[in-house]
Amino acid sequence: MIDVDYYLPGCAPPPDLIMDAVTAILSGELPPKGSVLAPSKSLCDECDRNDSKPDKIEIKELKRPHLTFMDPEKCFLAEGVICMGPATRAGCGQRCIGANMPCRGCFGPTDGVKDHGAKFLSALASLVDINDPEEMEKLVDSIPDPSGLSYMYSLPTSLLTRKRLEKQKV
Ligand code: SF4
Ligand code: SF4
């Protein structure tokens, strides 16, 4: 286990966050050890498309980005395209969203979230509006790799991996 002083999120971290981190180090005004040097709100909170969301998102089918028209003004999730914005930390400058691509979570979760992938799957499940078990199975099957998608950047820190490592120690 590596003792980490601070985390700078992103793949790769954006220049303004690097600059903020360097400034904080030079001025000695750093947050407590172990902090993530980025805002703790979610990407949805700062997303330009947030206002396009309807009062209630009701997902009945999921569409893959390369197989559907993606309106550059509309929230991906409201259009049925998986976007990890609700569970992902803000601060990237909406890099993917600005390029009309949904978020894949490279900034990791907001403070206090123990498992980024589980948090996202929970958020997604709360938006699905299907009661029929067969229809639900179809919807799940329409995601080619649900765990790979939800844990694209967070599998090493997931609860599953931590449990496995704990077992190996015993
Ligand atoms: S789900 Fe994605 S597109 Fe929709 S508001 Fe959140 S970050 Fe923006
Ligand atoms: S939109 Fe998501 S995946 Fe893209 S840079 Fe921002 S946090 Fe990373």
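Student: What percentage of the contacts in the chain with a separation of 6 or more comes from residues 24 or more positions apart? And which residues surround ligand 1, the part I want to look at closely?

Tutor: This is a predicted model. Residues 24 or more positions apart account for 61% of the chain's contacts with a separation of 6 or more. Now to ligand 1. Its surroundings consist of 14 residues, and the closest are Cys44, Cys47, Cys75, Cys83 and Gly85. Sorted by class, this shell holds 11 nonpolar residues, two polar ones and one charged one.

To place the site, take the division of the chain: domain 1 covers 1–38 and domain 2 covers 39–169. The five closest residues named above, Cys44, Cys47, Cys75, Cys83 and Gly85, carry numbers that fall within the bounds of domain 2. The C-alpha centres of the two domains are 25 Å apart. Seven residues from domain 1 and nine residues from domain 2 take part in the contact between them. On the domain 1 side, the residues touching domain 2 are six nonpolar and one polar, with no charged residues.

As for the chain as a whole, there are seven helices and zero strands, so read from the N terminus the order of elements is α-α-α-α-α-α-α. Along the principal axes, the C-alpha atoms fill a box of roughly 55 × 45 × 25 Å. Of the 170 residues in the chain, 24% are buried.

Conventions: Residues are numbered from 1 along each chain as its sequence is written. Chains are lettered from A and ligands numbered from 1 in the order in which they are written. This is a predicted model: local features need pLDDT of at least 70, side-chain atom pairs count only at pLDDT 80 or more; totals for chains, interfaces and linings use all residues. A residue is near a molecule or strand if its C-beta atom, placed from the backbone, lies within 6 Å of it. Ala, Val, Leu, Ile, Met, Phe, Trp, Tyr, Cys and Pro count as nonpolar, Asp, Glu, Lys and Arg as charged, and the others, Gly among them, as polar. Domain bounds come from an automatic or database domain assignment. Two residues are in contact if their C-beta atoms, placed from the backbone, lie within 7 Å. Helices (H or I, at least four residues) and strands (E, at least two) are DSSP runs, numbered from the N terminus. A residue is buried if 20 or more other C-beta atoms lie within 10 Å of its own, exposed if 12 or fewer, and partly exposed in between; C-beta atoms are placed from the backbone.
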